[in-house]
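User: I would like to learn how to read ring pairs and pockets in a model of this kind. Could you take me through them one by one?

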Amino acid sequence: MAQGQEPTAAPAPTAVHPERWPAAQSPGLVDARNEARITAIMARMSLREKIGQMIQADTASITPEDLRTYPLGSILAGGNSPPLGAPDRSPAAAWVATAQAFNAVATEKREGHEPVPIMFGIDAVHGNSNVVGATIFPHNSGLGAMHDPALMREIGKATAAETAASGIDWAFGPTLAVPQDDRWGRAYEGYSEDPALVAAYAGPMVEGLQGKPGSQTTVQAGHVAASVKHFLGDGGTAGGIDQGDTRVDEDTLIRIHDAGYPKAVNAGTMTVMASFSSWNGVKMHGNKALLTDVLKGRMGFDGFVVGDWNGHGQIPGCTNTDCPATFNAGLDMAMAPDSWKGLFESTLAAAKSGEIPMARIDDAVRRILRVKMKLGLFDPARPYEHRPQEMGSVAHRAIARQAVRESLVLLKNEGVLPIKPSATVLVAGDAADDIGRQAGGWTLSWQGDGNTNADFPGATSIYAGIARAVKKAGGKAILSPEGSFAQKPDVAVVVFGEEPYAELRGDVRTLEFQPGHKKALALLKKLKAAGVPTVSVFLSGRPLWVNPELNQSDAFVAAWFPGSEGEGVADVLVGGQTDFHGTLSFSWPKTAGQFTLNKGAAGYDPLFPLGYGLTYATGGHVGPLAEEPGIDASDSNSSTFIEEGIVAKPFQIKADAGVSHRLVDSADRQEGAIRFAFTSAGKASILGPNLTLERESNADMNVEVTYRVDAQAQAPVTLALGSGAVRIDKSLADQGQWAKLRIPLKCFAEHGTYLGGISQPFTLSADAPFTITISDMHLATDPAGAVCPQ
């Protein structure tokens, strides 16, 4: 904490009345025979081993050998974390080897050690999406548009089989949030704004992952543990801020945000993940009334509660490495990816002192062992680890392709769809032949960025799917991302939309698509001017204000983030033998300022209401739409500072007299850039509103600068964020080369920046003549090459 910063006192908890909440009961998790086995195991465990069961570490921060000293109960692989000795983008074999290496140490027989297998968790949120070769299903906002609980069960089964086949036994899903503000960067992880639809999906998805209660719910049968998340209220945070505060009364929390949890408990979910968010100011990781009295008491949940990524450290009075309060509140296993060693030691000390009662420790450990036993982890047989054919199998891809077909929502069609199979089709747009774009976030990397088509063996882009469909009937598909053509095509399909994103980076302050950067709109206008009938295929995680794009399109399809099976789009667009099935599970905004647009709320006035969706059979017409967004998006930008040589609003540059700055053509990068020329010692600053970047720092985000040195520094050059400065001249690439500089936000904190309030964002200082050209500067999550300059 910076000097002069006072700690924030925890607010008084809102009163909770468990009797008002729906009752539920975990079926079959408590089994007399297993409970007796657990009692015997716990009697042989030391306190140190019990504490180990309650802590989970990330593969990037722990080795199997560490388990001999620190007998932890679980590991996870975060979105950017690799398997042992292999790249993070690896096929199943590397992950199987990792699981086996950790389990070999955890279960080995040695003096003073009770062998207990680990649980290995991963964010298999739309298929086993962290493993190369897996089937990638549409993200949840698209699956909600299907309105098909039976297909959800099949998606769960396929996800479980591919997860188990990669040596992993625990899927961190499904997400049961009910997003109420579409600015939230995790809105696409919710099935719908409608709590009834979320409730209808909860049970089938859990049963798909785990098997139905009473059946064989083990990894030996190709099942994995589910982790319904994030308990509770993360879809209702004020302002759509991730890890924010849900400010509602208890009845609203029950009616909207708890809708899916009783169904999931009744379906047998083995684990529940606590939310980063707060309810009326109280962090969920420390809310005993909800974690213990409601979830474990009223809802009869007999599995265990796991934390989110260092979420315990956000409780007032806690740090990432010291938090007895979270265990006393009812958390059974803390996700301490990089803080596990310190948390282990402090929790052990708290247990010895009695700060965490022994009864609470024994309850947590019993719950964890109960799940491990029910999941079959004490049985060393792992037949699915020897079934690589499960990964991306024909059967699983067929399920995903069906999900794509059913999730597409037709918003507009002025007679251009369906496309004749014999037509000459121009396929345009920057996402037309990009599987990473259509897969979205939580795909091979945390934010879903940095992927190429080569990272998706067996997958099909939307362009490739259309090309195959028309070729069968004698037609032709021409790929031209920029929309150029020598001979006028019969129709153009333009594929565009949001870039991939995940939590934090995905938060937006407006629902306007690409505010200030209208590349897709310019392409649509170009095609319209040429008289080419145009179909827009819009990729997004949420509804966005796209009135200008709708006006320039003859047909407009909301395709969400459809995943690896682009042929599912072609199945519906080409030929007309398959009609549109999907209807909106989120209301579509009429203006860019309709952040909270939920059916039944006061003033509900969408462009397209919940449940809207045209078909070939029913048709429908959309007239000209107003093109004023109704909000200035730039006022709340806090993550992009320079983009293609343009200073992003509301930021501006201020430079000393000896420092010039001007827009130049970067030539080889095909975009603009700003050249900063220091003729003497001086400073150039990016000024703007106060920034609060504590959440982003917790998420390991970096300041990423794309630059070229034009005149080498002969003296120190520093980059400051607020009051903390780091020297960068020794970290810069050779003169004349375009490169990226990635500096973790935590690095600036270590050099004196108070991330809770930054009044002056960035200052670039040089002690002697120096010239650098910068094309882009923003916050990013790609860890490759991120360093803290010394």
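User: Is Phe-678 buried or exposed?

Analyst: In this predicted model, Phe-678 has a relative accessible area of 2%, and because buried means under 20%, Phe-678 counts as buried. Phe-770 is likewise buried, at 2% relative accessibility.

User: How are the rings of Phe-678 and Phe-770 arranged?

Analyst: A pair of aromatic rings is described by the distance of the centres and the angle of the planes. For Phe-678 and Phe-770 the centres are 6.0 Å apart and the planes stand at 35 degrees, so the pair is tilted. This pair links distant parts of the chain, since Phe-678 belongs to strand β22 (residues 672–678) and Phe-770 to strand β29 (residues 770–780), 92 residues apart.

User: How many aromatic pairs does a search of the whole structure find?

Analyst: The search finds 22 aromatic pairs. One of them, Phe-231 with Tyr-261, is edge-to-face, with 5.1 Å centre to centre and 85 degrees between the planes. Phe-231 lies in strand β5 and Tyr-261 in helix α8 (residues 261–266), so the pair ties together parts that are 30 residues apart in sequence.

User: Which residues lie closest to the centre of the second largest pocket?

Analyst: Rolling a probe the size of a water molecule over the atoms shows where empty space is left. Here the second largest pocket holds about 610 Å³ of space, and of its 36 lining residues the closest to the centre are Ser-81, Trp-309, Trp-446, Ala-699 and Asp-700. By class, the lining of this pocket comprises 16 nonpolar, ten polar and ten charged residues.

Note on methods: Residues are numbered from 1 along each chain as its sequence is written. This is a predicted model: local features need pLDDT of at least 70, side-chain atom pairs count only at pLDDT 80 or more; totals for chains, interfaces and linings use all residues. Side-chain values use heavy atoms; hydrogens and water are left out. On a 1 Å grid over the protein atoms alone, a cavity is a set of points where a 1.4 Å probe fits but cannot get out, and a pocket is an open set with protein on both sides within 12 Å along at least five of seven lines; lining residues have an atom within 4 Å of a point. Grid points are joined across faces, edges and corners, and a volume is the space filled by probe spheres set on the points. Ala, Val, Leu, Ile, Met, Phe, Trp, Tyr, Cys and Pro count as nonpolar, Asp, Glu, Lys and Arg as charged, and the others, Gly among them, as polar. Rings of Phe, Tyr and Trp (its six-membered ring) pair if their centres lie within 6.5 Å; planes under 30 degrees apart count as stacked, over 60 as edge-to-face and the rest as tilted. Helices (H or I, at least four residues) and strands (E, at least two) are DSSP runs, numbered from the N terminus. Buried means under 20% relative accessible area, exposed over 50%, partly exposed in between (1.4 Å probe, protein chains only).
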